[in-house]
Amino acid sequence: MNANDLLIELRKFVLLKSGLRNIDPAHCKIISEYVYQETKNYVSETTIKRFFGFANTLHKFSLFTLNSLSQYIGYNDWDSFCKDKKNQTTSVQSIWQDLKLKAHAITEVSLIAKKNNSGVPFNTTANRSFFYPDFDYFLKNNYQFTTVSAQPGQGKSILLAHMVEHFFFSENALYKNDIVLLINSASLNTIIQNGGNLKEWFLKEFKFGNLSELISFFKKNPEKREGRFIIIVDGIDGHLARSHHFKAFIDFLYSIEENNFVKLIFGLRTDSWINLQPAIYGSASLTKAWYMGLFYDEDTLSNVPSLNVEEVLYTLSQIENRIINRADVSLPLLNQFKTPFWLQVYFKLKDEQQHLELNNPLLCYELISYFLERRVFMAKKSTEKIFLLKKISDSISEGNKKLRVSKEEILSYINCYPDAYEELLNAGIIIEEKRLSTTIPTEIVRFLNDDIYTYFLFIQITDKFEYKPGKPFFEHILNSFPGQNSQRDHILNWSIRFAINRNEIAALKNIFKLPFSNREKNSAFDFICSVSKYELSKPNSTFNKLSIGTDFIDLMTTGRTMGNLYKETIKNISENVLNEDIQIMLHVIECNINLIDVDKVALANTMQLLKRNYKRLNELFPINPYDLILYFYNNLINKPKESKSLEDKIVKLCQEIDQSKPRRNEEITSAEILSYRLVLNALFSQKNYAGCHRFVMAILSKYPNIFYVRYSVFSPFLLLHLGQTYIKLNYFKKAQRIMQFVDKIISSDYTYYTNFILASFNVFKASFYNATHHYEQALIETNIGLSITRKNNFKMLEITLLLSKIDTLKHTEESEEVSSVIKELLNFLATHKLSMPDYSNLSSHEFDHTFKILKSYRRHQNQ
């Protein structure tokens, strides 16, 4: 036995003594304690990690360490352990078995290092078994070598480790007689640092001068061969970047004699493979000996496909320790995780920071930020690296398939900071490729992925506007990036995150006021909600319990009426904000959400919080919202209403508004919007349609251009309310004009409207067509509205539309369907444990009797 064989034996016995079959880094501390208890010699946890290959070994183990470990397993010292093992070794062991033992020692250490370097625990990684038949085909057929080539972060090293275990090392391995020698960068570094070269090392370890000599020996003595000799070399890209190592590697390939039992596998980055290709394609013998592989892609020069959805979900399930389904992960994140590298970043981020849900779109951006912060902004030469990345992003253009730039264009910048550029390549942030489609093959540079490129485009914008995300900042985004484009979506999301990080909430209003598309505005609002919740949960955030102000309330008031994410955000922030006035405003918004949600319990709880601040509510709002909310709550619980005093307050408010001087749209406050919305709903619920009309006209008197606002949901709300009022007052032509006007503004892509507005518009149109006896059209609008409410969980609107559908069907030849829809309505109420409040019935007065019967039946059922 040589020194390596003896160390392997010692490792095995230390594991046996410690009662461990397998070992991971966490066990090293335990073993250190066991050794101390047994021998009273302290061998540190770090030394144990080095001994088992979990940390780089730059020197030999001390005699103290070896003696201590030998004593731990029952020997006097290391020398007596070595003598005992040598005596046990039989002299008749075959050359093949001797080679196998030595190779096994090296491979074991390399495999442990690979597992330890895995960014996520190795046992959580997908084994990519679809690749195994391809590898098996290479082993069984007459090829000399193959490459596993991929971009950084594609998981080639982990794939190689899985293949070594599956084919050669596991309990049920297919080819246990084969010798497998796994050499990685750590092994090579150790040889080079110890002043040796590969030839000397090979001779020392395997007693053959080189691989050709070994091949010749077994060709002459085939009876001594018991299997195949498989050499896997990975992580040598840094060595191949040096010309003398690259030449030695090519010479090594040329020197191998043709045979059918030595197989070479090289794990390479694609930029290394680019440089190797000419040498291989220039030699007929090497081309013949090279196995390209089933998955080789000529464009990317890679044969490691991205992870598929099942592999991503498997790893996530292992990390989260629960079953993760496709629906649990946002689509952009699922696509990001198809590059295994991002799973590693997620694992680290999850361990270090507040956990973000996998379905939260913000997680994509936090992963990129976390990665770049550590690899660029906090790394050595960060100033030079940031400069280079900005220049590269500035120079990039759209290629045939990827965003890229000719290396020649940025050569002057590279020459200024060659070391920083090399480190960016090694970190995998940027990638060099060959463009072979041109007359003369040219080198091109691109980012690891387009999202990192987009981030540096965004950084350029922040520089240009001196970190001030105001109106010019967002106008630049609008004018510089094409609409309906994922790049503009990403830039907007980075901007939202940037503004909230800096607590510059007012700047975000520009997204809604500028002509971004309605889809972009809705996506932006959702992202604002996601970022707000996350920032509030972080320690030391600028957007915090103390700093949330009226600008945030303005966004929440004008940006939504209802929605699950909106509801969660309002509740989360109202529970944490410390400014009492802001908290009161959020509680009023919460009550409005609870009314739409027909949630009596949540409404009662929030009303209790508001009641404590009744006096302050009078000061903050033009009319006390608690009185209005109490009216609706009584409506919900079927309590008799004493509304005379409320009516007087509304009349007084109406007069005050009407007598106000005309103002600009920008002057309307969130307190006014919330109050006006509640007042109009209350008047409509009381069937005081004339009062409704007077109130809308009073608002128009104070804000003459309010109907022309295109950045707030209050304007369409007001229009639809006026339209419903006209229907009730039998002003059908006026109602029709409102319907046409709303239809026109919604058809403009730049008007901001939400799914709640769309469903409310369907309610309005269904009411109009019912009132004008166009029942078929009313049914169409009702069904469209129901499809929206069901997708978005708008409970009150769903009840309204089902009541409208019953009313419509009673006037059509489809009257036999009435009972079916009644059953559907009652099932919906029972499933969600809801009552049927008066304010949900917008149908004609002729329907009131039917409504009372349905409501009475519901009440009876509840008892």
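Author: Strand E3 (residues 229-234) and strand E4 (residues 262-269) pair in the parallel sense over 6 bridges. This is a predicted model, in which local features need pLDDT of at least 70 and side-chain atom pairs count only at pLDDT 80 or more, while totals for chains, interfaces and linings use all residues. Residues are numbered from 1 along each chain as its sequence is written, and side-chain values use heavy atoms, with hydrogens and water left out.

Reader: What makes E3 and E4 a pair?

Author: Two strands pair if DSSP finds at least two bridges between them, and E3 and E4 have 6 bridges. Phe 229, for instance, has Val 262 in E4 as its bridge partner.

Reader: Why is the contact of Arg 488 with Glu 520 called a salt bridge?

Author: The term asks for a side-chain nitrogen of Lys or Arg within 4 Å of a carboxyl oxygen of Asp or Glu, and the closest N and O atoms of Arg 488 and Glu 520 are 2.8 Å apart. Arg 488 lies in helix H25 (residues 486-501) and Glu 520 in helix H27 (residues 518-537), so the pair ties together parts that are 32 residues apart in sequence. Both residues, Arg 488 and Glu 520, are buried, a word that stands for under 20% relative accessible area, with exposed meaning over 50% and partly exposed in between (1.4 Å probe, protein chains only).

Reader: How do you know whether Asp 554 is buried, partly exposed or exposed?

Author: Asp 554 has 21% relative accessibility and therefore counts as partly exposed. Its side chain meets that of Lys 509 in a salt bridge (2.9 Å, N to O).

How values were computed: Helices (H or I, at least four residues) and strands (E, at least two) are DSSP runs, numbered from the N terminus.
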